[in-house]
Amino acid sequence: MTTASTQTHAISLNPFNGERLGEYPYDTPLALEATVAQGSNAFKHWRKTDVAQRAALLVHLAAELREASEDIARMISREMGKPVKQARAEVEKSANLCEWYAQNGPAMLAPEPTRVDNGEAHIHYRPSGMILAVMPWNFPVWQILRGAVPALLAGNTFLLKPAPNVMGTTYLVKQAALKAGFPAGAFGVINVGNAAVADLIADPRVVAVTVTGSVRAGAAIAELAGKAVKKCVLELGGSDPFIVLNDADIDAAVKAAVTGRYQNTGQVCAAAKRLIIEEGVLETFTEKFVAATQALVTGDPLDDATYIGPMARFDLRDELDKQVQDSLREGATLLLGGEKMAGNGNFYAPTILSNVTPEMTAFRQELFGPVAAISVARNAEHAVELANDSDFGLTATIFTADLALAEQMTGELETGGVFINGYSASDPRVAFGGVKKSGYGRELSHFGLREFCNVQTVWSNRQ
């Protein structure tokens, strides 16, 4: 049983009970061309719309999302297994994103003057065109809108290729955008396979691509974008280190580690995957972390009491289990879980591995599910060394009472973000993105707003 696309359809299965929720035929060539043409034509008018008007539509979109919040949240839970309380929070966070950009974005797009020899110059942030977005299933509202909202506010149009197992959620978001007043074509949705994505990247009407997904998918799309000489923003995998030093508030660190590792059933790119604990607090931290993880409620994602739901796809559970079993064979110690849970649901038991060393699978690969890997560090310097010993570089966390030391460590960590005494998070006020195989480019804040702008210099000489 899988949720992967067939050659002709995208199929959505409920990972809690295997129920087939929807079967969505791929767009015909004519239908795809109509959507692409509509987005390209819409750009000609949308780019000339006053930025204040575009911002006002984002406020309307926030209202529509809140109006439909329960329907959207329950669809998320049914399609990919996210506990419904977390799904509601995702919808609310997305509405807040719309309002933040509506309030703050127009000023970020204003021309920036500067004095030059014999005149003055202005830097203008012009819209570029139609942006193709290839988005994942793990945050099927937030991921879509954190790409779409800044792109639309900047005057671009947005062409979305969502993950096949969350098409129902995607269409609810599109419906909210249309009800908010966005013109037809400004926010387009396509249902296609990989070959069609390759053709779209080569299509001159698509000016840039943004991708959130696996390293393999990102590399393939980046290669195609490179051949077409088009900008690409990649937000790929992560194996984020979560460092706890001897002087840390252990109770706070444990609480953050549990949330940072197990929210969204562990299916988060920027998550506390590698717990690097200084040896002086290893025993205390581990004991409390195991107890807190055991207390998490696993079950029906539509039950408000559930914290860990089923994994979104059956094939990904198999892959995660193989990574766990490989790590155990390599010498890791199993403290909790370590198996698929019995029954029809696609559940994997909340799992904790300890004595994980850099040569093991659990350290080297991304664990995209409810599995935590604990490694021991001799000191802060060794913790940074372990943290950087990874192909990934999305975010990192440091728990310590020594803020000066934490600040020093941030300059040594090879990641796009560092969180001190708190777990990794995304917020429209700050840039989000990674380095190394976690990708390049930035989302959110003014960086994300301007990523797909034509940064145009206008230089006026005095007569």
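A: In this predicted model, Val-211 stands opposite Leu-234 in S9. The pair belongs to strand S8 (residues 206–212) and strand S9 (residues 231–235), which are joined by five bridges and run in the parallel sense. Both strands sit in an open sheet of six strands with mixed pairing, in the order S7-S6-S5-S8-S9-S19. Its edges are strand S7 (187–189) and strand S19 (439–440); each has a single partner strand, so one side of each is left without a neighbour in the sheet.

H1 packs on it, touching strand S5 (130–134), strand S6 (157–161) and S7, and the direction of H1 makes about 155° with that of S6. Helix H7 (residues 194–202) lies across S5, S6 and S8 and runs at about 155° to S5.

Helix H1 covers residues 29–46, 18 residues in total. From its first C-alpha to its last H1 reaches 25 Å, close to the 26 Å expected at 1.5 Å a residue. The buried residues of H1 are Leu-32, Thr-35, Val-36, Gly-39, Ser-40, Ala-42, Phe-43 and Trp-46. Seen down the helix axis, these buried residues of H1 fall within an arc of 160°, so they line one face of the helix. On the face of H1 turned away from that buried side are the exposed residues Pro-29, Leu-30 and His-45.

There is also an open sheet of seven strands, again with mixed pairing, in the order S12-S13-S14-S11-S10-S16-S17. Its edge strands are strand S12 (333–336) and strand S17 (417–420), each of which pairs on one side only. On average, neighbouring strands of this sheet are turned by 25° against each other, direction ignored. H11 packs on the sheet and touches S12, S13 and S14, with its direction at about 25° to that of S13.

The pairings in this sheet can be taken in turn. S12 and S13 pair in the antiparallel sense over three bridges, and Leu-334 has Leu-353 in S13 as its bridge partner. S13 and S14 run parallel and are joined by three bridges; here the bridge partner of Ile-352 is Ala-372 in S14. Strand S10 (residues 240–244) and strand S11 (residues 272–278) also run parallel, with five bridges between them, and Asp-240 stands opposite Ala-272 in S11. S13 is covered on both faces: Thr-351 and Leu-353 are buried on one side, and Ile-352 and Ser-354 are buried on the other.

Helix H11 (residues 314–329) has 16 residues, which should span 22 Å at 1.5 Å a residue; its end C-alpha atoms are 23 Å apart, which agrees. Buried in H11 are Phe-314, Leu-316, Arg-317, Leu-320, Asp-321, Gln-323, Val-324, Asp-326 and Ser-327. The buried residues of H11 pack against strand S13 (351–354), helix H12 (361–364) and strand S14 (371–377). Just after H11, Gly-331 takes a positive phi of about 120°.

Backbone angles set two further residues apart for comment. Most residues other than glycine have a negative phi. Asn-421, which is not a glycine, has a positive phi of about 55°. Asn-421 lies in the loop between S17 and strand S18 (435–436), and its relative accessible area of 36% makes it partly exposed. Lys-436, also a residue other than glycine, has a positive phi near 55°. Lys-436 lies in strand S18 and counts as partly exposed at 37% relative accessibility.

As to confidence, the chain averages a pLDDT of 97, and 98% of the residues score at least 70. Over residues 1–6 the pLDDT is below 50; this stretch has 15 contacts in the model beyond near neighbours in sequence.

Technical notes:
Residues are numbered from 1 along each chain as its sequence is written. This is a predicted model: local features need pLDDT of at least 70, side-chain atom pairs count only at pLDDT 80 or more; totals for chains, interfaces and linings use all residues. Side-chain values use heavy atoms; hydrogens and water are left out. Helices (H or I, at least four residues) and strands (E, at least two) are DSSP runs, numbered from the N terminus. The expected span of a helix is 1.5 Å times one less than its number of residues. Buried means under 20% relative accessible area, exposed over 50%, partly exposed in between (1.4 Å probe, protein chains only). The arc is that of the directions from the helix axis to the C-beta atoms. Contact means heavy atoms within 4.5 Å. Two strands pair if DSSP finds at least two bridges between them. Axes are lines fitted to C-alpha atoms, for helices over the stretch in contact, and angles run from 0 to 180 degrees between N-to-C directions. pLDDT is the predictor's confidence in each residue, from 0 to 100.
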